[in-house]
Every structure is written in structure tokens, then in C-alpha cells.
Amino acid sequence: MKYLTHVTTIVSSIGGLLFGYDIGIMSGVFETPTFPTYFGMEGNTTESQQIKGNIVSFLQAGACLGALIANFSADKIGRQRSIMIATVLFLFGSAIQTGAKNLAMMLFGRFAAGWGVGACTMLIPMYIAEISTLNMRGRMGALWQLNISVGMMLSFWVNYACLIGLPVSDTQWRLPLGLQLVPGVILFTGMFFLPESIRWLVLQDRTEEAKVVLCKLRSCSENNPEALDELNQILEAVESEREQDGTIWKELMEPWNRRRLAIGCFMQIAQQWTGTNAINYYGPLIFQAIGLDSDTSVLMTGIYDKKGFGRRPLLLIGSVAFVIIFCILGGTLFSIQQSNALGLIPSAAQGYVAMVMIYLFAVFFEFTWGPVPWIVCSEIFSNRIRAICISVTTSMNWGMNAIIGKVTPLMISQIKYGTFFFYAACCFVAGVIVYVFLPETMGRSLEEMTEIFVNGNVFVLGKREKSLIPMDVYVREEVLIDDSKNGEQ
């Protein structure tokens with residue numbers, strides 16, 4: 001089948017849609033007339049904010065645990081079947097949320113769905129990286145972030161449509177929660193027809209099967225020299241890793257692998273402290289803080305989101321942009337609050353400036369700190385330790401996600417405009433760390449990453465090491481793709 005790599009990536013990246021929809025849906029659900037009453041969240045009291053924080057953070061807690069545990073099934077039964085199991089868990093949790101009769105059921109459903117989503121966020125970026133060609137890995141990985149963005153955008157618009165289009169009832173929040181089952185069913189069904197990861201098959205000594213899958217993914221014959229060369233590189237890398245003395249855990253403790261793991265954990269932690277999910281979860285609350293009514297704030301949150309792709313220079317661009325945006329946003333909100341305190345009517349222009357800053361943040365995030373951490377974490381680890389390392393880094397993302405889900409409403413209610421200056425400081429620190437410690441990974445094969453971290457400098461300070469792969473490798477890959485387009489079998 002031509003373009004099987006593209007089809008496989010598109011189908012599997014629907015997991016990003018689950019991720020985006022599930023984390024975005026609650027911001028609008030909180031604003032429906034009956035949801036707060038149904039779950040004892042009337043008013044804007046501290047207790048109400050704590051319940052909101054619990055509902056949001058239970059998904060992240062489940063996701064953190066799911067991401068940590070998923071590596072065991074990924075290594076034992078494979079990437080493909082592990083994704084299917086994770087999707088079943090997500091569907092189970094989503095069904096419980098939709099039919100929740102009390103707060104305990106809602107929290108349990110959030111936790112179960114979070115477990116499935118967390119496992120998917122660990123498994124799918126790794127799966128995409130392991131099946132993609134060298135020169136397409138970044139583009140294929142960016143589809144993951146695109147689907148996260150689409151999922152969030154859909155959740156906001158579904159919330160708005162249900163809020164204004166349905167009569168006041170529980171259906172206004174049960175329907176949005178139930179609709180998340182749709183992409184889950186599509187993902188589960190689609191994974192039946194997708195191939196297993198090439199590199200996992202090689203790790204299991206199923207070389208002939210790996211060869212067949214590789215040739216199908218590259219749309220070429222089984223004696224194609226470029227495909228055989230790619231397979232040989234994978235085999236050599238796996239054999240080299242096996243020759244190392246000790247277990248996977250001992251290998252993980254090697255200095256260069258600790259460095260890789262530290263960078264991966266930083267990338268996922270820093271992504272969360274850019275403030276993106278503070279806006280995703282509590283967008284309506286933020287828009288109300290700048291003077292919009294409840295219905296309009298849900299609409300404005302739905303406009304926030306679109307697409308992205310990227311690597312290292314983009315992280316620096318994103319960091320600088322976020323610092324500027326959050327400082328302007330914090331200053332604008334401070335001005336609005338001062339006007340309110342003096343009994344004055346804030347200028348409409350101030351509200352529009354704040355909205356523009358939030359939308360600019362969305363634009364920059366979706367091609368910088370949105371996709372890049374997922375891409376980098378999926379590609380920097382060696383074959384033997386990739387699953388466990390991505391489990392750890394992804395759990396860091398969800399752990400920070402849970403903390404942000406819990407503290408953001410409290411920050412907005414307590415320190416108000418200071419929340420945005422706090423996120424500006426986080427983005428500044430993240431940019432400095434990227435500039436000093438993160439090597440460029442674009443244009444490297446997965447098998448080349450070990451050489452980069454074993455022989456490369458710890459302090460990169462903006463330097464880009466010379467690629468270890470000759471340029472003819474890139475040329476051969478382009479020829480292979482051209483051959484597939486011409487129908488080589």
C-alpha cells in the first residue's frame with residue numbers, strides 16, 4: 001500500500017485528538033448551568049474552586065500513572081496492541097464520565113480515561129518515531145500536536161454549541177463528555193489494521209517480519225537496497241546495545257543516558273509551565289477575568305487553537321515570544337483590576353489586547369513548545385531504553401499537568417495578574433536551559449542519537465554538532481520515496 005507510513009501516522013495520531021478533547025472539554029462543562037449544581041459547586045467559593053481543580057487533576061493523575069506503566073506492555077506485547085488496550089481504558093472512563101451520577105463517579109471516570117490517555121501519549125509519539133523515515137520524522141510527529149490542537153478546538157466549540165443550542169439540562173454537559181467516545185472508537189478500530197513498530201520487532205528478534213513491515217511502510221520491494229540498508233542500521237544498533245554489560249536499568253544509569261533522560265524530563269515539564277494548559281483548562285475563567293460574560297468566554301476559548309510543527313530554534317523563539325506575551329497580558333490584567341478597584345469602567349481596548357495576547361500565545365505555542373517536546377522525547381533515546389524513558393518523561397508532563405490543573409484556579413483567584421508574570425518567568429528559564437543544554441536533533445536517525453549524547457558536549461550553548469550521517473543517506477531516502485510514488489513493488 002502506497003503511503004502506508006502516512007496512513008499509519010494519521011490514524012495513530014488520533015490519540016492526540018483524545019488527549020486534546022479530554023483536557024479541553026472541562027473548561028466549558030464547568031460553565032453549563034446545571035453542572036455546578038449537580039456536583040455541589042455553586043458559587044465561586046474556595047471549595048468550589050477546589051472541586052474544579054480535583055475534577056481536572058484526576059485525569060492528569062490517571063494519565064501520569066498510565067504513562068509510567070505503559071512501557072511494560074509496550075516492551076512485552078508491542079506498541080500496536082498496547083495502544084489498543086490504552087484506548088479501551090479511555091473508552092471505559094469516558095462512558096463513566098458521561099453517565100456520572102455523583103462526584104465520585106465523575107472523578108473515577110476522569111481517572112480511568114486519564115490512564116488511557118496517558119498511556120497513549122507515551123505510546124503513540126514513540127510508535128510514530130519508530131516507523132517514520134529520517135527526513136519525515138519531524139513532520140509525522142507534528143501531526144500528534146496538530147491532533148491535540150484540533151481536539152481542544154473541537155471540545156471548545158462543542159461546549160459552546162451545546163451551551164447555546166440546547167435547553168438548560170444535564171444534556172448540555174453529558175453530550176460533550178459522551179462525544180469523546182467517537183475518536184476513541186475510530187482509533188481502536190484503525191489500530192487493528194496498522195503494522196507493528198519495526199524497531200520493536202527487531203528487539204524481539206523477529207527480523208523477517210520487521211523486514212516485511214519496513215518494506216510495506218516504505219512502499220518498496222523486499223530486496224530494495226535502501227530499505228535493506230535502513231534495516232541493517234537498526235539491526236546493528238540493537239546488537240550494539242545488547243553488547244553492553246548489564247540490564248536495561250544499568251544502561252539507563254550511564255552518564256549519557258542520564259543526560260538524555262534529564263533533557264527529556266525537562267522538555268515535558270517545561271512545556272506545561274509555559275502556561276498552555278492553564279489557558280486550556282480555565283480559558284473561560286481567564287476571559288471572564290478580562291470582562292467577558294460566561295457564554296462569550298466559552299466562545300472565545302473555542303477560537304483559541306490551531307496547528308504547528310517544529311525543533312530547537314523554535315523552542316527559543318517560543319520562549320521569547322511567551323515572555324513578552326505574558327508580561328503584556330499580566331500588565332493588561334493589572335490595569336483592568338486597578339480600574340475596577342477605583343470604580344472605573346476598564347477600556348474595551350484593554351480587554352481586546354488581552355484576547356489578542358492569548359491568541360498570539362496559541363499561534364506561537366502550536367509551532368514551538370507544542371510539538372517539539374513530543375518529537376524530541378520520541379527520538380533521543382536508544383532502542384532498548386526508549387519505552388521506559390518515554391514513560392518517565394511523559395509521566396513528568398502529566399504530573400506537572402495535574403499540578404497546574406489544581407493550582408491555576410487558585411492562582412487566578414488569589415494572585416490574579418501575577419499568575420501571568422509567573423508563567424513569563426518560567427518561559428524565560430526554559431529558554432535559557434534550551435540554549436545551554438539541548439543539542440539539535442533534527443536530521444539525525446534514531447540510531448545516531450547515542451553518538452550525539454555519548455560524544456557530544458553537555459553544554460551546547462547554541463552550537464550544532466556536525467551530523468554523523470552522510471548526506472547520501474538523505475538522498476537515498478528521497479529516492480526511496482520517489483520510487484514508492486512511481487509504484488515500485
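**Buried charges and paired rings**

Asp22 is buried, with a relative accessible area of 0%. In this account, buried means under 20% relative accessible area, exposed means over 50%, and partly exposed covers what lies in between (1.4 Å probe, protein chains only). The model is predicted, so local features need pLDDT of at least 70 and side-chain atom pairs count only at pLDDT 80 or more, while totals for chains, interfaces and linings use all residues. Residues are numbered from 1 along each chain as its sequence is written, and side-chain values use heavy atoms, with hydrogens and water left out.

What is the charged partner of Asp22? Asp22 forms a salt bridge with Arg110, and their closest N and O atoms are 3.8 Å apart; the term denotes a side-chain nitrogen of Lys or Arg within 4 Å of a carboxyl oxygen of Asp or Glu. This pair links distant parts of the chain, for Asp22 belongs to helix H2 (residues 14-29) and Arg110 to helix H6 (residues 103-131), 88 residues apart. Helices (H or I, at least four residues) are DSSP runs, numbered from the N terminus. Arg110 counts as buried too, at 0% relative accessibility. In general, side chains of opposite charge can pair when their charged atoms come close.

The structure holds seven salt bridges. Another of them brings together the side chains of Glu130 and Arg79, at 2.9 Å from N to O. Glu130 lies in helix H6 and Arg79 in helix H5, so this pair ties together parts that are 51 residues apart in sequence. Both ends are covered: Glu130 counts as buried at 0% relative accessibility, and Arg79 counts as buried at 0%. Helix H5 (residues 79-98) also contains Ser82, a residue that counts as buried at 2% relative accessibility.

A further salt bridge joins Arg218 to Glu230, with the closest N and O atoms 2.7 Å apart. Arg218 lies in the loop between helix H11 (207-217) and helix H12 (225-242), and Glu230 lies in helix H12, so the pair ties together parts that are 12 residues apart in sequence. Arg218 and Glu230 are buried. Elsewhere, salt bridges that share partners join Asp75, Arg79, Glu130 and Arg386 into one network.

The aromatic residues come next. Rings of Phe, Tyr and Trp (its six-membered ring) pair if their centres lie within 6.5 Å; planes under 30 degrees apart count as stacked, over 60 as edge-to-face and the rest as tilted. By this rule the structure has 28 aromatic pairs. In one of them, the rings of Phe437 and Phe459 have centres 5.3 Å apart and planes at 45 degrees, so the pair is tilted. Phe437 lies in helix H21 (residues 418-437), while Phe459 lies in the loop between helix H22 (449-455) and helix H23 (471-485), so the pair ties together parts that are 22 residues apart in sequence.

How accessible is Phe437? Phe437 counts as partly exposed, at 31% relative accessibility, and Phe459 is exposed, with a relative accessible area of 52%. Leu461 is also placed in the loop between H22 and H23 and counts as partly exposed at 46% relative accessibility.

Rings also gather in a group: Trp273, Phe322, Phe326, Phe361, Phe365, Phe420, Phe422 and Tyr423 form one aromatic cluster.

Note on methods
Helix = DSSP H or I, 4+ residues; strand = E, 2+ residues; numbered from the N terminus.
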